[in-house]
Amino acid sequence: MANSIGHVIIDLTTIDSTNNYAIRLIEEGMAEHGMVIRADYQTAGKGQLGNTWYADEGKNLLCSIILDMTAFKLSKQFLLNKYISVCITEILTTQLEIDKICIKWPNDIYADKSKIAGILIENIIRGSEWKYAVVGIGLNVNQPKMEALKKATSILIETGKIANINQVLKKFLKLLEMNFNTMINTPYTIEEKYQNTLLLIGQNISIKKNHEVYDGTLSGVDDDGNILIKIKDKIKKYRHKEIELLLD
Ligand code: BTN
């Protein structure tokens, strides 16, 4: 039987990036499905689109989870983003009782209009086989102010209470374990939850593409992770990086 997610947790004080650490383990042949790397501080934390992920020491959840993806087709890559996003929203909503938690396409987690968590998935592909995914998660937990980022928040800011980072991690890993097989057996339940939790779904939005702003309605996200926007009665689809979703 496969190891459960979180059966090994490697706790580090300082590291360049927990994602890099996980990738090194895979490259050295030391990785197992379900291993988790957690750090108090990252000197070179990685964000999406080559950005740096800043987080104060010891105040946030910074972790990477190694998943064996050999049971999945490469074409299902975005399903993994959906599963992770849905599990984070579920923890924040049901266990931490934070209001207005939603997913901002493609996979940022927001509390109302402020980002509370980010996800960076790095895939290890050999030939045409999806071997591993390294799922990096930065969840703002006990950070009182978000100096480096505008429009960001934390569990502390939202609830007024200090949360136990380890307990949040344990609950999250349990939920990931419970839902991992759902990706194989009933992926549509994940798709449905993702769509229902999507920020601004069915609402009028503005996007920026090549310095031009367009207005439309957010209709959904397809299986490949493209956003679907109805502009002048036509559904248009856009890739991540192709457009910017404008939030006020
Ligand atoms: C984003 O830009 O929204 C994604 C941020 C992901 C940050 C996490 S922190 C733990 C893991 N290690 C990294 O270097 N990045 C991810």
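Hi everyone, let's start at the ligand: strand S6 gives the largest share of the shell around it, 4 residues. Helices and strands here are DSSP runs numbered from the N terminus, with at least four residues (H or I) for a helix and at least two (E) for a strand.

A quick word on the model. It is a predicted one, where local features need pLDDT of at least 70 and side-chain atom pairs count only at pLDDT 80 or more, while totals for chains, interfaces and linings use all residues. Residues are numbered from 1 along each chain as its sequence is written, and side-chain values use heavy atoms, with hydrogens and water left out.

Back to the ligand. Which residues come nearest? Of the 20 residues around the ligand, they are Ser-17, Gln-42, Lys-46, Gln-48 and Lys-115; "around" means having a heavy atom within 4 Å.

Now some polar contacts, which are pairs of N or O atoms within 3.5 Å; within protein, one must be able to donate a hydrogen and the other to accept it, and residues adjacent in sequence count only if both atoms are side-chain atoms. Ser-17 has a polar side-chain atom 2.8 Å from a ligand oxygen. For Gln-42, a polar side-chain atom sits 2.9 Å from a ligand nitrogen. Gln-48 uses a backbone N or O atom instead, 2.7 Å from an oxygen of the ligand. Elements giving two or more residues to the shell are helix H1 (18-27) and strands S3 (61-68), S6 (114-126) and S7 (129-139).

Next, please look at Asp-222, in the loop between strand S9 (212-221) and strand S10 (227-231). Is Asp-222 buried or exposed? Asp-222 counts as buried because its relative accessibility is 16%; buried means under 20% relative accessible area, exposed over 50%, and partly exposed in between, using a 1.4 Å probe and protein chains only. The Asp-222 side chain reaches the backbone nitrogen of Asn-226 at 2.9 Å, and one of its polar atoms lies 3.0 Å from the backbone nitrogen of Asp-224.

Asp-112, in the loop between S5 and S6, has phi near 55 degrees. Asp-112 counts as partly exposed because its relative accessibility is 38%. Lys-232, in the loop between S10 and strand S11 (234-238), has phi of about 50 degrees. At 79% relative accessibility, Lys-232 is therefore exposed.

Last stop: a cis peptide bond, with omega about 0 degrees, joins Trp-105 and Pro-106. You can find Pro-106 in the loop between strand S4 (101-104) and strand S5 (108-111).
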